[in-house]
Amino acid sequence: EELKAKIRRAGEEAWLKGNVDAFDELYAADYLWHRPPLPDVSGLEAAKQSVAGTRGAFSDIQISYDEMVGEGDSLAYRYTWRAKHTGQSPAQGIPPTGKEALLQGCIVVHIVGGKFVEEFE
């Protein structure tokens with residue numbers, strides 16, 4: 001339950017509120033985020049920049065955690081992410097459309113010493 005709460009806290013603070021500095025207490029400095037087809041994000045600061053860049057391209061972000069299961073220091077969760085495409089993402093370079101974007105996915109998180117060290121999306 002503690003790991004599930006950390007996932008929800010990371011989503012609420014960074015994605016919904018824009019407080020990427022909350023990652024400091026949740027993510028390891030050498031955090032690695034695999035997110036095909038986009039390039040991997042390597043390091044805590046790069047993760048913060050990635051989230052901030054996405055938040056600059058999308059407004060009205062909503063996240064639901066549809067299912068979470070965990071074992072040991074790993075947790076898998078299925079999510080739904082909705083937002084309005086109102087800006088241009090540095091990662092994708094697509095001009096704003098004003099349309100709603102919907103992303104559904106699954107992420108497996110590995111945790112060491114209470115911090116997220118690697119995510120596979």
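Author: Lysine 48 and aspartate 24 form a salt bridge, their closest N and O atoms lying 2.7 Å apart; the term stands for a side-chain nitrogen of Lys or Arg within 4 Å of a carboxyl oxygen of Asp or Glu. This pair links distant parts of the chain, since lysine 48 belongs to helix H3 (residues 44-57) and aspartate 24 to helix H2, 24 residues apart; helices (H or I, at least four residues) and strands (E, at least two) are DSSP runs, numbered from the N terminus. Lysine 48 counts as buried at 7% relative accessibility, whereas aspartate 24 is partly exposed at 36%, where buried means under 20% relative accessible area, exposed over 50%, and partly exposed in between (1.4 Å probe, protein chains only).

The model is a predicted one, in which local features need pLDDT of at least 70 and side-chain atom pairs count only at pLDDT 80 or more, while totals for chains, interfaces and linings use all residues. Residues are numbered from 1 along each chain as its sequence is written, and side-chain values use heavy atoms, with hydrogens and water left out.

The structure holds 10 salt bridges. One of them joins the side chains of arginine 9 and glutamate 25 at 2.9 Å, N to O, and this pair too links distant parts of the chain, with arginine 9 in helix H1 (residues 2-16) and glutamate 25 in helix H2 (residues 23-26), 16 residues apart. Both partners are partly exposed, arginine 9 with a relative accessible area of 31% and glutamate 25 at 47% relative accessibility. Another salt bridge is formed by glutamate 12 and lysine 17, whose closest N and O atoms are 3.2 Å apart; glutamate 12 is partly exposed, with a relative accessible area of 41%. Through shared partners, salt bridges join Arg9, Glu12, Glu13, Lys17 and Glu25 into one network.

The buried residues of H1 include Leu3, Ile7, Ala10, Glu13, Ala14 and Trp15. Just after H1, glycine 18 takes a positive phi of about 80°.

H1 lies across strand E1 (27-34), E3, E4, E5 and strand E6 (115-120), running at about 170° to E3, while H3, which holds lysine 48, lies across E1, E2, E3 and E4 at about 55° to E1. Axes here are lines fitted to C-alpha atoms, for helices over the stretch in contact, with angles from 0 to 180 degrees between N-to-C directions, and contact means heavy atoms within 4.5 Å.
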